[in-house]
Amino acid sequence: MAKDMQDRETEMEQPKGERLQKILASAGIASRRKAEELILEGRVQVNGQVVTELGTRADAERDHIKVDGKLLKGPERRRYYMLNKPRGYVTTLDDPEHRPTVMDLMEGGKTKGTKVRLYPVGRLDYLSEGLLLMTNDGELANALSKAAHGVEKTYLVKVAGVPTPAALEQIRRGIMIDRGRLDEVRAGRRDRVVTAPAKVELARGGDNPWYELTLTEGRNRQIRKMFEEIGHHVEKIRRIGYGALRLDVPQGGFRELTVGEVTALEWASRGKKVVPKKNLPEYAQLKPPAKKKRR
């Protein structure tokens, strides 16, 4: 009897509902990290009260939750897309320099009338291209973005000049690079970090060879910094793989992921091994080199 009463009291003491940032992420308002910022900035109300504590729980079915004065409409249908980002686009929702963004591609590509707020998972810099995930699932986006999960990302990388076998072995073992942005490094900050071991294989030889590179982390401009450390400038970067996914849409195009592909991403986000298809799709392969014209 005493134990039953104690169990009931314990149940009553436990906070009910979900964490507020998870509710906002599930509703497609923002990623969980961005949702936390909204809460800390005092832009979220629950039942008329401003909430600024990250541990706050709420019930999305019963509580009136507002963000910037707008009532939350409940969870959106979760959407997942693969986009083939071209060079010259920034991986942000808007850009203060008014450069084209990946959202311009999604909105201009007729997403079948869906009005969900999508955001990118991870980044590809302005000059890089290839596979980019777009979703309104803040939970999965947050899980995939954590480097500790070790989700494999595969790239085709073209470099100037031919690295020595010893230099490539440095990249395979892990190489010391500058942490942070390049402008911070130039300003005198020399915060250094060792990269995680990587897979590097020659994809096409020549004076300016291509390499297939697989990473399990995603530091700022990491690939460019790794090759600069061994004395080679990176000319092109194309991401062709993310977890079990392989790039299979044309440049500037996108498609919605299948249920199986989303499940594979969820498995990868939990640190479980996923195996991609053996046959590379057309858009994940290097094009045959152009033949020189005879004079």
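What follows goes from the overall build to one residue and then to a pocket.

Before anything else, keep in mind that you're looking at a predicted model. The protein has 295 residues, and 41% of them count as buried. Now think about who touches whom: among contacts with a separation of 6 or more, 68% are between residues 24 or more positions apart.

You'll find Lys 236 in strand β15, which covers residues 234-242. Is Lys 236 buried, exposed or partly exposed? Its relative accessible area is 38%, and because that value lies between the 20% and 50% cut-offs, Lys 236 counts as partly exposed. Once you set aside the neighbours within four places in sequence, Lys 236 is in contact with Arg 87, Leu 156, Val 157, Lys 158 and Trp 210. Take Val 157 from that list: Lys 236 and Val 157 are 79 residues apart in sequence, yet their C-alpha atoms are 5.7 Å apart in space.

Finally, have a look at the second largest pocket, with a volume of about 440 Å³. It is lined by 16 residues, and the closest to its centre are Glu 129, Arg 238, Gln 285, Leu 286 and Lys 287. What kinds of residues make up the lining of the second largest pocket? The lining divides into eight charged, five nonpolar and three polar residues.

Conventions:
Residues numbered from 1 in each chain as written. Predicted model: local features only at pLDDT ≥ 70, side-chain atom pairs only at ≥ 80, totals over all residues. Heavy atoms only, no water. 1 Å grid on protein atoms, 1.4 Å probe; cavity = no way out; pocket = protein on both sides within 12 Å on 5 of 7 lines; lining within 4 Å. Points joined across faces, edges and corners; volume = space filled by probe spheres on them. Nonpolar A, V, L, I, M, F, W, Y, C, P; charged D, E, K, R; others polar. Helix = DSSP H or I, 4+ residues; strand = E, 2+ residues; numbered from the N terminus. Buried < 20%, exposed > 50% of the residue type's maximum accessible area, 1.4 Å probe, protein only. Contact = heavy atoms within 4.5 Å.
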